[in-house]
Amino acid sequence: METQIDRFFNPSELETVSKAAVISEDLVNSYYKLSSGQWLKNRYDIRTARDLASHERVNGPFAQVVKYEGQKADVPLGSSRFSLYTVCLQDPAILGTVTVQPSIRLLPFLVYVLVHELVHVVRFLQFHHRYEHTSEASVTLAEERRVHCLTYGILAPVALEGLKQVFDFFEQWRNDHGQ
């Protein structure tokens, strides 16, 4: 079901995005045994659609991860290169879904989407899956299903009102893995 609307997060919704980001980062850091000060904190950024470049916007997915290569400005050697992943939230798709699915609330939906994308980032950084694609849309179906199962595993023990409805919404992605 395609449920896009033509607006960005409003200030109140952006506060919910910030809250969801804090919750999601903590959950993913704990699951992968990463401290918040470790490398994960410095290797990704989360942006909403208003701040995305045209190539970072997609129709359909709720978010995508885009990889960039960086290098410290004061270090001319290539050994100082690093990867930076940007989680590109697609406000229209997210808002469209919570609008047409009244049982789904924004906070638990954003927590699911962000945990899912951060699991992708961790898997790329730990070389469990290669980032060789240009967008979330080109990530293999098998990897998407695996990440949905990992997302469910991270979130299942969490007591967050409205999470069950979000699990139901994404249930089809876990079915092939028996969860």
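Is His 116 buried or exposed?

1. **His 116.** This is a predicted model. In it, His 116 lies in helix α4. Its relative accessibility is 4%, so His 116 counts as buried, the cut-off being under 20%. Cys 149 is 33 residues away from His 116 in sequence. In space, their C-alpha atoms are 9.3 Å apart.

2. **The chain as a whole.** The chain has 179 residues, and 48% of them are buried. It holds 7 helices and 3 strands. Along the sequence the order is α-α-β-β-β-α-α-α-α-α. Take the contacts between residues at least 6 apart in sequence: 72% of these join residues at least 24 apart.

3. **Helix α4.** This helix has 20 residues. From first C-alpha to last, α4 reaches 28 Å, close to the 28 Å expected at 1.5 Å a residue. The helix is mostly covered, with 20 of its 20 residues buried.

4. **α1 against α4.** The two helices pack at about 45°, with axes 8 Å apart. That angle makes α1 oblique to α4. Their crossing is right-handed. From α1, the contact residues include Val 17, Ala 20, Ala 21, Ile 23, Leu 27 and Val 28. Glu 13, Lys 19 and Glu 25 of α1 also take part. On the α4 side, they meet residues including Leu 107, Leu 114, Leu 118 and Val 122. By class, the contact has 15 nonpolar, 2 polar and 3 charged residues.

5. **α3 against α4.** Helix α3 covers residues 91-100. It packs with α4 at an angle of about 135°, and the axes are 10 Å apart. The pair is therefore oblique, since angles count as roughly antiparallel over 145 degrees and as roughly perpendicular from 65 to 115. The crossing is right-handed. Ile 94, Thr 97 and Val 98 of α3 meet Leu 106, Phe 109 and Leu 110 of α4. Of these residues, 5 are nonpolar, 1 is polar and none is charged.

6. **α4 against α5.** What angle do the axes of α4 and α5 make? They cross at roughly 120° and come within 9 Å. These helices are therefore oblique to each other. Their crossing is right-handed. His 116 is one of the α4 residues in this contact, along with Val 111, Tyr 112, Val 115, Val 119, His 120 and Arg 123. Residues on the α5 side include Glu 143, Glu 144, Arg 146, Val 147 and His 148. Leu 150, Thr 151, Ile 154 and Leu 155 of α5 join them. The classes here are 8 nonpolar, 4 polar and 4 charged.

7. **Helix α5.** Which residues of α5 are buried? They are Glu 143, Glu 144, Val 147, His 148, Cys 149, Leu 150, Thr 151, Ile 154 and Leu 155. The cover over them includes α1 (11-31), α4 (106-125), α6 (163-169) and α7 (171-174).

Terms used
Residues numbered from 1 in each chain as written. Predicted model: local features only at pLDDT ≥ 70, side-chain atom pairs only at ≥ 80, totals over all residues. Heavy atoms only, no water. Buried < 20%, exposed > 50% of the residue type's maximum accessible area, 1.4 Å probe, protein only. Helix = DSSP H or I, 4+ residues; strand = E, 2+ residues; numbered from the N terminus. Contact = heavy atoms within 4.5 Å. Axes fitted to C-alpha atoms, helices over the stretch in contact; angles between N-to-C directions. Parallel < 35°, antiparallel > 145°, perpendicular 65-115°, else oblique. Left-handed = near helix turned anticlockwise from the far one by under 90°. Nonpolar A, V, L, I, M, F, W, Y, C, P; charged D, E, K, R; others polar. Expected span 1.5 Å × (residues − 1).
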